[in-house]
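Me: Could you help me learn to read a structure that is new to me? I would like to take it one feature at a time.

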Amino acid sequence: DALTGKMTLALDLGEKGVTKVNGMLRIKRNKVIQMSITPLLGIEVARAIITTDSAFLYDKVNKHYMATSLSSLSTLLPIMPTIGNIQSIILGRPFVLGKEDITAQDYNRFKIENAQQNWIMTPQKQPGVASYLFAFDNLILTETAGWQEGGKMQVSCTYQDHTDVAQHILPSVIKATLQSNDASYTAHITYYSASFDTPTTITQLPSRGYKKTSFSELFKSLLK
């Protein structure tokens, strides 16, 4: 029900180059996700928190923060996931869009086809104007992808170097790509330490002493 993982994050911003940092990921199943960015000496400079209905991003250096509802992000993403869906993407697991957990019966909602060396699993009925799929190699999830009809935006996560962590199969390397008509961003996440079901404390920072700003402005300040 809980995951704690240490990682390195390399964010490719195209012409702006690649930014590399260390970080800590904490998850409480279907409740909250926290990612801390610690580039130097383990000192936290930024924190992102996702709850069941909201998302928060804190710049602890410049004392700025952003807060928004998950529903408001539907204009930015081709597919609006639940927190359970987001956790499944991070852990490299299949999911049913809009459901926190996938059951054995839920696999009847998908069709499975062979494509060269992979098996492709797609919903029998795609949700609205967006679509998603999963690719497997020997029953191991290797890719999750989603896209808007017409190709306005595409999101994909590929998974490599799977390891057994306390009887959980976890990808050690994740490549996440967001591509739109205007820009393309890629993040490479490498876990070098992970543990399940260990005591995990997740703390939301108080807004007092922080200036509220937009996501775009906060993102720019973090990359300076």
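Me: What should I know before I start?

Reply: This is a predicted model, so local features need pLDDT of at least 70 and side-chain atom pairs count only at pLDDT 80 or more, while totals for chains, interfaces and linings use all residues. Residues are numbered from 1 along each chain as its sequence is written, and side-chain values use heavy atoms, with hydrogens and water left out.

Me: How do I read strand labels, and which strands do E9 and E10 pair with?

Reply: Helices (H or I, at least four residues) and strands (E, at least two) are DSSP runs, numbered from the N terminus. Two strands pair if DSSP finds at least two bridges between them. Here strand E9 (residues 130–137) runs antiparallel to strand E10 (residues 140–148), and eight bridges join them. Within that pair, Phe136 stands opposite Leu141 in E10. E10 is also joined to strand E11 (residues 153–165) by five bridges, again antiparallel. There, Trp147 has Gln154 in E11 as its bridge partner.

Me: What happens in the turn between E9 and E10?

Reply: E9 and E10 form a hairpin with two residues between them, and Asn138 in the turn has a positive phi of about 55°. You can then look at E7 and E8: six bridges join strand E7 (residues 110–115) to strand E8 (residues 118–123), and the two run antiparallel. Asn114 has Trp119 in E8 as its bridge partner. This hairpin has two residues between the strands, and Gln116 takes a positive phi near 55°.

Me: Is Asp161 buried or exposed?

Reply: The rule is a set of cut-offs: buried means under 20% relative accessible area, exposed over 50%, and partly exposed in between (1.4 Å probe, protein chains only). Asp161 is exposed because its relative accessibility is 52%. Ala166 has a relative accessible area of 54%, so this residue is exposed too.

Me: How do I read a salt bridge, and how many are there?

Reply: A salt bridge is a side-chain nitrogen of Lys or Arg within 4 Å of a carboxyl oxygen of Asp or Glu. By this rule the count comes to five salt bridges. One of them joins Asp101 and Arg29, with the closest N and O atoms 2.9 Å apart. This pair links distant parts of the chain, 72 residues apart: Asp101 is in the loop between helix H1 (83–91) and E7, and Arg29 is in the loop between strand E2 (18–28) and E3. Asp101 counts as partly exposed because its relative accessible area is 33%. Another salt bridge brings together the side chains of Asp106 and Lys99 (2.8 Å, N to O). Asp106 is buried because its relative accessible area is 5%, whereas Lys99, at 27%, is partly exposed.

Me: Which residues are linked in a network of salt bridges?

Reply: Look at Glu44, Arg47 and Lys60, which are linked in such a network. The side chains of Arg47 and Glu44 meet at 2.7 Å, N to O. Glu44 is found in the loop between strand E3 (32–37) and strand E4 (46–51). With 16% relative accessibility, Glu44 counts as buried, and Arg47 is buried as well.

Me: What else does Glu44 touch?

Reply: Contact means heavy atoms within 4.5 Å. Not counting residues up to four places away in sequence, Glu44 touches Ser36, Ile37, Thr38 and Lys60.

Me: Which residues make a nonpolar surface patch?

Reply: Patches are made of residues with over 30% relative accessible area and no salt bridge; like charges are joined within 9 Å, and nonpolar side chains (Val, Leu, Ile, Met, Phe, Trp, Tyr) within 5 Å. Accessible areas come from the Shrake-Rupley method with a 1.4 Å probe, and for residues only the protein chains shown count as cover. Here Leu40, Leu41 and Ile43 make a nonpolar patch of about 400 Å². Leu41 lies in the loop between E3 and E4 and counts as exposed, at 84% relative accessibility.
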